[in-house]
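Trainee: I would like to go through this structure step by step. Can we start with the packing and then turn to the charged and aromatic pairs?

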Amino acid sequence: MKPEGIHRTILLAEDDPDDIYLISEALDECRLNARLFVVQDGEELVDYLLQRGPYALADSSPRPDLILLDLNMPRMDGREALEVIKGEPELRAIPVVVLTTSSAKEDKESTYSLGSSGFVTKPVSFNDLRDTICNIGTYWLRTVDLPNEADQEDAE
């Protein structure tokens with residue numbers, strides 16, 4: 001676990017500007033001491049995680065402690081991106097919580113079978129969204145003992 005005062009990193013993969021804004025505001029209100037990085041489609045998400053292209057410098061793409069993943073995005077959707085993430089040994093330990101407007105049973109089942117850590121349907125009201133984001137953040141960033149990069153390097 002990171003000591004108190006150390007920032008956690010959340011990577012949000014979301015293409016809707018309104019949702020990006022609302023999730024960012026919710027995270028601020030949760031006071032999770034987390035930095036938020038945003039990518040807008042699955043290809044950009046994979047480039048970020050593999051530090052390719054505009055994300056080649058580690059400062060522009062720190063390893064996330066948590067990924068919040070929308071399913072319906074252009075170029076590469078969330079399902080395809082999740083499959084890539086969980087197929088990469090150096091990435092598969094990063095928790096990925098699907099945060100989507102979908103409540104379809106097929107979407108839930110397929111994302112869990114691909115290795116998602118959770119499936120959450122986006123609430124409609126801001127207050128409910130904030131509570132949901134706070135619950136996700138508190139659990140994944142404060143409660144769970146996540147592996148860090150040093151743990152990953154030791155395992156190799």
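Predicted model: local features only at pLDDT ≥ 70, side-chain atom pairs only at ≥ 80, totals over all residues.

Trainee: Which residues of helix H2 are buried, and where on the helix do they fall?
Mentor: H2 spans residues 42–49, and its buried residues are Gly 42, Leu 45, Val 46, Tyr 48 and Leu 49. Seen down the axis of H2, they fall within an arc of 160 degrees, so what they line is one face of the helix.

Trainee: What covers the buried residues of H2?
Mentor: The cover includes three strands, E1 (8–13), E2 (34–39) and E3 (66–69). It also includes a helix, H3 (78–87).

Trainee: Which side chain reaches a backbone nitrogen at the start of H2, and which residue with positive phi follows the helix?
Mentor: At the start of H2, a side-chain oxygen of Asp 41 comes within 3.0 Å of the backbone nitrogen of Glu 43. After H2 comes a residue with a positive phi, near 50 degrees: Gln 51.

Trainee: How far apart in sequence are the parts tied together by Asp 65 and Arg 8?
Mentor: Asp 65 forms a salt bridge with Arg 8, with the closest N and O atoms 3.2 Å apart. Asp 65 is in the loop between H2 and E3 and Arg 8 is in strand E1, so the pair ties together parts separated in sequence by 57 residues.

Trainee: Are Asp 65 and Arg 8 buried or exposed?
Mentor: The cut-off for the term is a relative accessible area under 20%. By that rule both Asp 65 and Arg 8 are buried.

Trainee: Which helices does the salt bridge of Arg 130 with Glu 29 link?
Mentor: The closest N and O atoms of Arg 130 and Glu 29 are 3.3 Å apart. Arg 130 is partly exposed at 21% relative accessible area, and Glu 29 is partly exposed at 41%. The two residues are 101 apart in the chain, and the helices they link are H5 and H1.

Trainee: How is the aromatic pair of Phe 37 and Tyr 48 classed?
Mentor: Phe 37 is in strand E2 and Tyr 48 in helix H2. Tyr 48 is buried, with a relative accessible area of 1%. The ring centres are 6.1 Å apart and the planes are at 55 degrees, and the pair is classed as tilted.

Trainee: What class of pair do the rings of Tyr 139 and Trp 140 form?
Mentor: Tyr 139 is partly exposed at 44% relative accessible area, whereas Trp 140 is buried at 16%. Their ring centres are 5.0 Å apart and the planes stand at 85 degrees, so the pair is edge-to-face.

Terms used:
Residues numbered from 1 in each chain as written. Heavy atoms only, no water. Buried < 20%, exposed > 50% of the residue type's maximum accessible area, 1.4 Å probe, protein only. Helix = DSSP H or I, 4+ residues; strand = E, 2+ residues; numbered from the N terminus. Arc of directions from axis to C-beta. Contact = heavy atoms within 4.5 Å. Polar contact = N/O pair within 3.5 Å; in protein donor to acceptor, adjacent residues only side chain to side chain. Salt bridge = Lys/Arg side-chain N within 4 Å of Asp/Glu carboxyl O. Phe/Tyr/Trp six-rings, centres within 6.5 Å; stacked < 30°, edge-to-face > 60°.
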